[in-house]
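Have the view open and follow along.

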Amino acid sequence: MKKIITIFMGLIVTLFISLPIKAYNNKTSENVKKAEKKAKDMLFRVNLPDSDIIMKSYPHQLSGGMKQRVGIAMALTFRPKIILADEPTSALDVITQAQIVKEIMDLRKTFDTSIIIVTHNLGVAAYISDKIIVMQNGKIVDKGDKDSVINNPQSDYTKKLLKAVPEIGGERLV
């Protein structure tokens with residue numbers, strides 16, 4: 001069992017997704033069939049029910065949200081104790097961001113794993129995290145449980161990040 005797995009987002013995911021997806025095409029051994037069944041099960045668990053199509057797709061044929069889910073499925077396959085998710089909601093529309101965040105939280109419980117989220121979005125961090133560390137230029141400028149960091153930020157940088165979180169009806173989404 002792996003102790004920690006990283007879910008890379010963006011270009012790196014695009015490069016790595018094709019390897020496991022294409023690895024199953026035109027193979028017949030029993031081990032490959034077991035691996036394919038497990039991969040399809042993991043894709044289903046991250047709300048990608050048409051796994052046959054996903055498994056035969058090239059990365060450019062998948063949406064951003066689908067790529068994120070494939071990356072999450074790949075990480076969970078190894079049942080790690082800790083998942084490091086690098087910007088898991090960046091470059092996604094708001095609806096897909098909400099779905100990914102909800103799925104991450106559900107999967108965290110289902111797989112009994114801890115998740116470290118790297119994000120610039122304090123709205124996501126506040127929703128998903130128990131503890132928050134804010135870094136600026138490689139140095140910690142705020143840390144603590146999410147309520148203390150969100151409601152009583154110590155650094156100007158954290159205050160600026162909080163001001164960048166959108167408002168709806170005059171209420172900030174943090």
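Let us begin with Asp52, which is partly exposed, with a relative accessible area of 38%. Please keep in mind that the model is predicted. Asp52 belongs to helix 3, which covers residues 51–55.

Which residue does the side chain of Asp52 meet in a salt bridge? The partner is Lys40, at 2.4 Å from N to O. This pair ties together distant parts of the chain, with Asp52 in helix 3 and Lys40 in helix 2, 12 residues apart. Lys40 also meets Glu36 through a side-chain salt bridge. Glu36 and Lys40 both sit in helix 2 (residues 30–45), four residues apart, which is about one turn of the helix. Glu36 is partly exposed at 23% relative accessible area, and Lys40 is partly exposed at 23%.

A further salt bridge joins Lys102 and Asp106. Because they are four residues apart in helix 5 (residues 94–110), about one helical turn separates them. Lys102 counts as partly exposed at 48% relative accessibility, and Asp106 is partly exposed at 37%. The count of salt bridges comes to five, including these:

| Salt bridge | N to O distance |
|---|---|
| Glu36 and Lys40 | 3.1 Å |
| Asp52 and Lys40 | 2.4 Å |
| Lys102 and Asp106 | 2.7 Å |

Three strands form an open sheet in the order 1-2-3, with parallel pairing. Strand 1 and strand 3 (114–118) are the edge strands, each pairing on one side only. Neighbouring strands of this sheet are turned by 20° against each other on average, direction ignored. Strand 1 pairs with strand 2 (residues 82–86) over four bridges, and Ile5 has Ile83 in strand 2 as its bridge partner. Five bridges join strand 2 to strand 3, where Ile116 stands opposite Leu84.

In a regular strand the side chains alternate between the two faces of the sheet. Strand 1 (residues 4–7) has Ile5 and Ile7 on its covered face, while Ile4 and Thr6 are on the uncovered one.

One last stop is on the surface, where Ile133, Met135 and Ile140 form a nonpolar patch with about 300 Å² of accessible area together. Ile140 comes from strand 5 (residues 139–145) and is partly exposed, with a relative accessible area of 49%.

Note on methods
Residues are numbered from 1 along each chain as its sequence is written. This is a predicted model: local features need pLDDT of at least 70, side-chain atom pairs count only at pLDDT 80 or more; totals for chains, interfaces and linings use all residues. Side-chain values use heavy atoms; hydrogens and water are left out. Buried means under 20% relative accessible area, exposed over 50%, partly exposed in between (1.4 Å probe, protein chains only). Helices (H or I, at least four residues) and strands (E, at least two) are DSSP runs, numbered from the N terminus. Two strands pair if DSSP finds at least two bridges between them. Patches are made of residues with over 30% relative accessible area and no salt bridge: like charges are joined within 9 Å, nonpolar side chains (Val, Leu, Ile, Met, Phe, Trp, Tyr) within 5 Å. Accessible areas come from the Shrake-Rupley method with a 1.4 Å probe; for residues, only the protein chains shown count as cover. A salt bridge is a side-chain nitrogen of Lys or Arg within 4 Å of a carboxyl oxygen of Asp or Glu. Axes are lines fitted to C-alpha atoms, for helices over the stretch in contact, and angles run from 0 to 180 degrees between N-to-C directions.
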